[in-house]
Amino acid sequence: MHKFHIVVYGCQMNVHDSRRISDTMLEAGFVRTYEATAADILIFYTCNIREKAAHKVFSDIGLLKTKRTRIIAVGGCVAQAEQSGIFKNRDVNIVFGPHVYHKLPEYIKSIANGETDRILDVATEQSTKFNCLPVRKNVSCSEFVTIQEGCDNFCTYCVVPHTRGREFSRPALDVIREVKELVASGAKEITLVGQNVNSYHGEAPYITVGHPRGTWRLERLIMEIADLDGVRRLRYVTSHPRDFTRELMETHAKVPVLAPFVHIPVQSGNNRILKIMNRGHNVSEYLDKLKMFLDICPGVQFSSDFIVGFPTEMDSEFGDTLKLVDEVKYTTSYSFKYSRRRGTPADRMHGQVPEETKEVRLATLQQILLRDQIAHNNSLVGKINEVLFEKRGRYSNQYIGKNAYMQSVVVESQENLVGIFANVLIESASTNSVSGKIV
Ligand code: 5AD
Ligand code: SF4
């Protein structure tokens, strides 16, 4: 019994965690397969942020289980939220939260050896796993590094503070060490990830002027990482508008490898809704920050998340979100219908918005967001973009990479471009990508 298959749901943080789970399993002697039918062990790494994603795992277990399946492990945020409730599905052997995935091989072995038939571990201590993970394997040209996990903001719709726990920042030198290892193994682009990276405050070996003794803020961490040999492009995600400082904007102006593209979710364009979401900022404070950012770094582009149909949201208040979108003109975006999550304050609010209204609002919003995305892509035509090529395309000689704004760029080349930075003259644009030629 040795082949495992991982199914992952949700955000980049989860995708990243699933890679680390894979590394841990490989280190322990298991073999990865990309086909559920070939696997003895099925690992589901779940997302609890919206109801749809949380439910899908249960139908997928039924769909993917085969005669060959011996062990089923359900991990991540649904596991943390539902705990032993997951065992209602009789096929599940292991339930593990997002802070203990380094222990998965040990748990699988003890089930395989017949020591027990069920294991539940939803421990909340966040720092341990980072010290137990093996050196990264299968390093690609673009890699993620977790710098911070959890969130103390308690937006009223969000389960993250309940599943990923309170805010925890990894020590600065651990982050630096991991980046150095990745770069030595071929990574060129590093994305620093966390639920709220702006509140990073990692323990550091010496005093940073203006900050509490022995901590680095995100700005400092970025400066130090940007100085490392081999780091060609640097990003960070996700930012909270309230915690976004002028100093961070100035860091963009000072650090050339820092991509001029920032995800700053606003969620809604209406002050009353922002207030009952407990976002900690209003519309004009948000817009003022973006303006300040553009003054300091002309050309910087933004993306955002939106929630439509938050409890009690009226048509006119939704209209304010459309106005804000019209004003900012986001390069890309993610928009969602509000989804009730058990245990969150918004779930208990009166005035839940009917599903049909949410659907109409979402379609209306997405139409405008898409218009701006296409306009941005069109604006790139005739320009030269620096592109990091990540993979081959569908056709031979086709390569796909990302420009600084996270847009997919497609070119044809006789030479293998995977892992290479190249300048591309953009010749045409479509909704989700642009294409051009190497110059
Ligand atoms: N319903 C809909 N969308 C949500 N998000 C978080 N919680 C919910 C919810 N209950 C969205 C927010 C957040 C993104 C990661 O997911 O827009 O920024
Ligand atoms: Fe959730 Fe709000 Fe924290 Fe983001 S900032 S993870 S939306 S509580």
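Contact here means heavy atoms within 4.5 Å. By that rule, and leaving aside neighbours within four places in sequence, Ala39 is in contact with Lys3, Phe4, His5, Thr33, Arg68 and Thr69. The structure is a predicted model.

**Helix 11 and its partners**

- Helix 9 (residues 246-254) packs against helix 11 (residues 283-296) at an angle of about 30 degrees, and their axes are 9 Å apart.
- Because angles under 35 degrees count as roughly parallel, helix 9 is roughly parallel to helix 11.
- The crossing of helix 9 past helix 11 is right-handed.
- Helix 9 contributes Arg246, Met249, Glu250, His252 and Ala253 to this contact, while helix 11 contributes Lys289, Met292, Phe293 and Ile296.
- Sorted by class, the contact of helix 9 with helix 11 has 5 nonpolar, 1 polar and 3 charged residues.
- Helix 11 also meets helix 12 (residues 315-328): their axes come within 12 Å and cross at roughly 10 degrees.
- Helix 11 is therefore roughly parallel to helix 12.
- On the helix 11 side the contact is made by Val283, Tyr286, Leu287, Leu290 and Lys291, and on the helix 12 side by Leu324, Glu327 and Val328.
- The contact of helix 11 with helix 12 has 6 nonpolar residues, no polar ones and 2 charged ones.

**Aromatic pairs**

- The count of aromatic pairs comes to 9.
- One of them joins Tyr45 and Phe96, whose ring centres are 6.1 Å apart with 35 degrees between the planes, a tilted pair.
- Tyr45 belongs to strand 3 (residues 41-46) and Phe96 to strand 5 (residues 94-96), so this pair ties together parts that are 51 residues apart in sequence.
- Both Tyr45 and Phe96 are buried.
- Phe293 and Phe302 form another tilted pair, at 5.7 Å centre to centre and with 55 degrees between the planes.
- Phe293 and Phe302 are both buried.
- Together with Tyr236 and Phe244, Phe293 and Phe302 form one aromatic cluster.
- Phe293 also takes part in the contact between helix 9 and helix 11.

**Two buried residues**

- Ala39 sits in the loop between strand 2 (31-32) and strand 3.
- Its relative accessibility is 0%, so Ala39 counts as buried.
- Ala39 and Lys65 are 26 residues apart in sequence, and their C-alpha atoms are 9.2 Å apart in space.
- Lys358 lies in helix 13 (residues 355-379).
- Lys358 is buried because its relative accessible area, 5%, is under 20%.
- Not counting residues up to four places away in sequence, Lys358 touches Val308, Gly309, Lys337, Tyr338 and Val353.

**Backbone details**

- The peptide bond joining Val237 and Thr238 is cis, with omega about 5 degrees.
- Thr238 is in the loop between strand 13 (233-237) and helix 9.
- Phe154 has a positive phi of about 50 degrees, although it is not a glycine.
- This residue, Phe154, is found in the loop between strand 8 (148-149) and helix 6 (160-163).
- Phe154 is partly exposed, with a relative accessible area of 32%.
- Thr312 is a residue other than glycine with a positive phi, near 75 degrees.
- Thr312 is placed in the loop between strand 15 (301-308) and helix 12.
- With 29% relative accessibility, Thr312 counts as partly exposed.

Conventions. Residues numbered from 1 in each chain as written. Chains lettered and ligands numbered in written order. Predicted model: local features only at pLDDT ≥ 70, side-chain atom pairs only at ≥ 80, totals over all residues. Heavy atoms only, no water. Axes fitted to C-alpha atoms, helices over the stretch in contact; angles between N-to-C directions. Helix = DSSP H or I, 4+ residues; strand = E, 2+ residues; numbered from the N terminus. Parallel < 35°, antiparallel > 145°, perpendicular 65-115°, else oblique. Left-handed = near helix turned anticlockwise from the far one by under 90°. Nonpolar A, V, L, I, M, F, W, Y, C, P; charged D, E, K, R; others polar. Phe/Tyr/Trp six-rings, centres within 6.5 Å; stacked < 30°, edge-to-face > 60°. Buried < 20%, exposed > 50% of the residue type's maximum accessible area, 1.4 Å probe, protein only.
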